[in-house]
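Please read these notes with the model open.

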Amino acid sequence: TIAWTGGSIAIFISIFLAVLLSNDVMRPVTQLAGDIRRLSPERRHMRLRQDFVDREMRIIADSFNRFLDALDRMRDREEAFTEDVSHEFRTPLAVIGSASELLLEEKALTDRGRTRVLRIRRAGTQMHRLIDALLFLARESGTRITQSCAMDEIVQVSYDTCSALAAAKGIVLHLQLVPVTVTTVPGMADCVVNNLLLNAIQHTNEGSVHVQLSSSGLAVEDTGSGMPPAELARIFERRYRGPHSRGLGLGLYIVRRICDRLGWALQVQSSPGSGTRFHIRFHSPQQKPEPQLTGSVS
C-alpha cells in the first residue's frame, strides 16, 4: 500500500511538473500568438514585441515585423498613387468642363455642334464620377457611405448618352423609371448603370434594350445573343472576355465589386439566342449577397 501510494504521489508530482514546465515553455508562443491576433489590417505601424528571452522567438517576431514594414510601405505607395492619379485626372477633366461651358456660350455654334459639346461635357462628368467610384473602391471596405443620389437622374443621363450609340446600331431603347433615391456615391451608381447599358447595347445587334427603374431595383434587359451557362458563370471575373466581347473584360467585374460593396443583390438571367437580363435589388451596405446566375441552353 505504501509503495502504491508513493508511486501515485510520484506520478502526480511528475505530471504537475511536466504541465508546469510545458506552460512555461509555451508561454512565449502563446504571447506571440496573442500579439498576432491583435494585428489589424486597418491599423498602421503595428509591430510585435521583441523582448522575448528565447532567441528563436525574437527571430520569429522580427520576421513578422519586417513583413509588416513592407506591408505599410506598399500601402503608402498605393495611397500616393491613387492621390496622384486623382489629381492628374481631375485637372484635365476640369479643363474639359470649363472649355465645354465656354463653347456652349458661342453664338456661332450650330445645333449639331452644340449637341456634340453637350456630349463631351456629359462624358467629362461621367469620367469624374468614375474616378470617384474607383477611388472609393480602393479605400477600406469599412468606409461608411452617407451620400445620397437620385438614381432616376443617373439612369436618365446614361440613357441619353447611350441613345446615339443604340441608334447607330438600329437598336430601340425603352426607358421606364420612377423617382428613386439611394445611399451611395453618385459615381458608383453612374458606373453601374453605364456599364450595364453599354454591355447590353454591345451584345445586341438588332432588337431592343429595356431599362426599368423602380423603388426595388434596376433592370436592364436586351434581345441580344445571350450566353451559355459556361460563359455566364465567368462574366464577373476580372478581364474575362467572351467570344463576342470587344471590351477589356473590366465592366461587369467593376459592376460586381460595386454591388458587393453597396450590398446590392445582383441577378443575371441569360440563354443563347434569348438575350440577357441584369437585375439589381437595392439593399443596405451591411448586406453582401452573392450574385445569382441563371441560364439555359436552347
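1. The structure holds zero disulfides, a disulfide being a pair of cysteine sulfur atoms within 2.5 Å. C191 is in no disulfide. Its nearest cysteine sulfur, that of C259, is 9.9 Å away. C191 counts as buried at 5% relative accessibility. C162 is buried as well, with a relative accessible area of 3%. (Buried means under 20% relative accessible area, exposed over 50%, partly exposed in between; 1.4 Å probe, protein chains only.)

2. Basis of these notes: this is a predicted model, where local features need pLDDT of at least 70, side-chain atom pairs count only at pLDDT 80 or more, and totals for chains, interfaces and linings use all residues. Residues are numbered from 1 along each chain as its sequence is written, and side-chain values use heavy atoms, without hydrogens and water.

3. Helix α3 spans residues 111–137 and helix α7 residues 251–262. (Helices are DSSP runs of H or I, at least four residues, numbered from the N terminus.) Their axes come within 11 Å and cross at roughly 60°. The crossing is left-handed: the near helix is turned anticlockwise from the far one by less than a right angle.

4. L134, F136 and L137 in α3 meet I254, R257, I258 and R261 in α7 (contact: heavy atoms within 4.5 Å). The contact residues divide into five nonpolar, no polar and two charged.

5. R239 lies in the loop between α6 (229–232) and α7. At 47% relative accessibility, R239 is partly exposed. R239 and L250 are 11 residues apart in sequence, and 5.4 Å apart in space, C-alpha to C-alpha.

Conventions: Axes fitted to C-alpha atoms, helices over the stretch in contact; angles between N-to-C directions. Helix = DSSP H or I, 4+ residues; strand = E, 2+ residues; numbered from the N terminus. Nonpolar A, V, L, I, M, F, W, Y, C, P; charged D, E, K, R; others polar.
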